[in-house]
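Dear colleague,

Please find below the structure that I am handing over to you. My notes on what was found in it follow directly after.

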Amino acid sequence: MRYRDDASLDTGGVQDRRGGGGRAVALGGGGLGIVGILVLVLFQVLGGGGPSSQQFGPALDQLGAGQTVDDGQLAASCRTGADANARAECAVVADVESIQDYWGGVLGNRYAPTSTVFFAGSTQTGCGAASSGTGPFYCPADQLVYLDLSFFEELRTRFGAQGGTFVDAYVIAHEYGHHVQHLLGTTGRVQAGVTGPDSGSVRLELQADCYAGAWANHATTVPDDSGAPLIEELTQDDVARALDAAGRIGDDFIQTELGGGPVDEDAFSHGSSEQRQRWFTTGLRTGDPARCDTFAATTL
């Protein structure tokens, strides 16, 4: 995946909180062994509701202790597509811009742009306190996407994914898929706490994967403010790497490979590896978000 070298990047879609400290957050509230931590992390990966969105009330929407937003350094270092080709944080800036330009074109005035929050270690969100271990997530309460960039390295070194720039873009596009679901009222159709292979939670996650694929279909044609595409190349190797990542965040893979146990479909909340790959491919092949209606699908 390559960005147009002479493209001008807009950092307005990113809030950078990495300069602040913030309170440490204990995963799960108690002592988890390394396998337990990994399973918790993977169940949160590419999730729709953030760390505890089903448990917290109104949006807190405030920074953690000692945290500030300072976008100046990001704006100075992420100016062009060449910067995006050179640095992961700038690539995410470009991804956010392209993804939001795509959905703005699809939904028109029904789409409300939002921001991705970069944080390091921990941060406060509208859905409660979050840590790096939570994985990337969208918080409906404050309508923000949260990301500790170290997750992309964890996805490769700990989860065994091949990784790559387009894998990172798939992660971001999935989270913005949840933002679209929130704007369209789809999220409200899901009953909190209900799991299983046909549950609303699984349908929500698979639809977000499909939405990510739909954006990817158009990624090299979505124009930036200059009228030219921001992304100039997306290869079959990029797609293969994204499918590899999708296969490593399916519920069955998590349960067997990370949890060391049998497959329990009644506990599914995100869909199987095969389902996640298939619905991403559906969006990628058709480029049509209307083909992503997992809630109407009789077979997932």
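A residue is called buried when its relative accessible area is under 20% and exposed when that area is over 50%, with partly exposed covering the range in between. Arg 2 has a relative accessibility of 32%, so it counts as partly exposed. Please note that the model is a predicted one.

**Salt bridges**

The whole structure contains 13 salt bridges. In one of them, the side chain of Arg 2 meets that of Asp 5, with 3.2 Å from N to O. Asp 5 has a relative accessible area of 39% and is therefore partly exposed as well. Arg 2 also forms a salt bridge with Glu 232, here at 3.8 Å from N to O. Because Arg 2 belongs to strand β1 (residues 2–3) and Glu 232 to strand β8 (residues 231–233), this pair ties together parts that are 230 residues apart in sequence. Glu 232 is partly exposed, its relative accessible area being 46%.

Another salt bridge links Arg 87 and Asp 83, whose closest N and O atoms are 3.5 Å apart. Arg 87 is partly exposed at 35%, whereas Asp 83, at 17% relative accessibility, counts as buried. Through shared partners, salt bridges join Arg 2, Asp 5 and Glu 232 into one network.

Four strands form an open sheet in the order β2-β3-β7-β6, and their pairing is mixed. β2 (14–16) and β6 (137–139) are the edge strands, each pairing on one side only. On average, and ignoring direction, neighbouring strands of this sheet are turned by 30 degrees against each other. Strand β7 (residues 144–147) pairs with β6 in the antiparallel sense, over 3 bridges. Tyr 138 stands opposite Val 145, which lies in β7.

Helix α6 packs on the sheet, where it touches β3 (116–118), β6 and β7. The direction of α6 makes about 25 degrees with that of β6. The helix covers residues 165–184, 20 residues in total, and reaches 29 Å from its first C-alpha to its last, close to the 28 Å expected. Of these 20 residues, 16 are buried, so α6 is largely enclosed by the rest of the structure. After the helix comes Gly 185, with a positive phi near 85 degrees.

**Nonpolar cores**

In soluble globular proteins, nonpolar side chains tend to be buried together. The largest nonpolar core of this model has 62 residues. Those with the most contacts inside this core are Leu 9, Val 92, Trp 103, Phe 152, Phe 166, Ile 172 and Trp 215. At least two residues of the core come from each of α4 (88–107), β7, α5 (150–157), α6, α7 (200–218), α8 (236–247) and α10 (273–286). The most is given by α4, with 10 residues.

What is Trp 103 in contact with, leaving aside its neighbours within four places in sequence? The contacts of Trp 103 are Gly 108, Tyr 111, Val 180, Tyr 211 and Pro 289.

With kind regards

Notes: Residues numbered from 1 in each chain as written. Predicted model: local features only at pLDDT ≥ 70, side-chain atom pairs only at ≥ 80, totals over all residues. Heavy atoms only, no water. Expected span 1.5 Å × (residues − 1). Buried < 20%, exposed > 50% of the residue type's maximum accessible area, 1.4 Å probe, protein only. Pairing = 2+ DSSP bridges. Axes fitted to C-alpha atoms, helices over the stretch in contact; angles between N-to-C directions. Contact = heavy atoms within 4.5 Å. Salt bridge = Lys/Arg side-chain N within 4 Å of Asp/Glu carboxyl O. Core = buried A, V, L, I, M, F, W, Y, C linked by side-chain atoms within 4.5 Å.
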